[in-house]
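Me: I'd like to go through the terms behind this model with you. Could you set each one against its definition as we go?

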Amino acid sequence: MTITQLYDELSACYGNLDKWWPARDPYEVMVGAILTQNTAWTNVRQALENFEGDLSPQRILDLPLEELKLLIKPAGFFNQKAVYLKELTTWFAKYDFDVQQVARIPLDELRQELLAVKGVGPETADSILLYAFGLPSFVIDAYTMRICGRIPVEIGSNYKSAKKAFENSLPLDATLFNHYHALIVTHAKRHCLKKPNCSGCPVRKHCVSASI
DNA sequence: CGCCAGGGCCATA
DNA sequence: TATGGCCATGGC
């Protein structure tokens, strides 16, 4: 199955999932992208709620490290994530916490800058580029690899090859990338992970194996 | 009770 | 460059 065909199947099943990343503003997306690393979103939500609506970049910079750890504790890995949030926010400060300034940087260059921040790996970088800054950088995650392995859709076995496969198969459109990744995660949670043997799965007929 | 979630860092070979 | 150990909480 091709990447385009998979999109059509999932899109037909789940419709439009726009505004799927829950956040009040771009900075909250950035924070959420760090907090959700290998962590369930229910935990992330509890951590975000601890800020009680006051989640400004300046506050994260001003907050003593130990207090920040306490606030994000429900999200797990709080010792490292507190440092990561400081690092990412310090990077953001170079652009006056201004998304418009950031979005003017060439995409490849911007991605390299993000990857240079401690705590920001490929998926986190792409999530920030796409969901915080609205730039067309396709997000690969564990769900993407597993679903494509099952059907199969040929995307290679690592992050770089998978990202390239998606971006070369689709128009370079942030709205499309946003929607596609949302579809993959939604589908994974609703079927590929939850239902044994893919029972009731809309694309079940395409899957070669349910044990991936 | 054990498993694992929308990863990434670091040490090792 | 490619693995493997480690990080930590809450839901189930």
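Reply: Gladly! A residue is near a molecule or strand if one of its heavy atoms lies within 4 Å of it. This is a predicted model, so local features need pLDDT of at least 70 and side-chain atom pairs pLDDT 80 or more, while totals for chains, interfaces and linings use all residues. Residues are numbered from 1 along each chain as its sequence is written, chains are lettered from A and ligands numbered from 1 in the order written, and side-chain values use heavy atoms, without hydrogens and water.

Me: What makes W21 a residue near DNA strand B?

Reply: W21 is among the closest of the 20 residues that surround DNA strand B, together with G121, T124, Y143 and K189.

Me: Why is the pairing of T124 with DNA strand B called a polar contact?

Reply: A polar contact is a pair of N or O atoms within 3.5 Å; within protein, one must be able to donate a hydrogen and the other to accept it, and residues adjacent in sequence count only if both atoms are side-chain atoms. An N or O atom in the T124 side chain is 2.6 Å from a phosphate oxygen of DNA strand B, so the pair meets the cut-off. A40 uses a backbone N or O atom, which lies 3.5 Å from a base nitrogen of DNA strand B.

Me: What makes the space of about 630 Å³ a pocket?

Reply: On a 1 Å grid over the protein atoms alone, a pocket is an open set of points with protein on both sides within 12 Å along at least five of seven lines, whereas a cavity is a set where a 1.4 Å probe fits but cannot get out; lining residues have an atom within 4 Å of a point. Points are joined across faces, edges and corners, and the volume is the space filled by probe spheres set on them. The largest pocket holds about 630 Å³. Its lining has 20 residues, with T36, T39, E123, Y143 and V185 closest to the centre.

Me: How do you know which helix gives the most to that lining?

Reply: Helices (H or I, at least four residues) and strands (E, at least two) are DSSP runs, numbered from the N terminus. Helix 12 gives the most to the lining of the largest pocket, with 4 residues.
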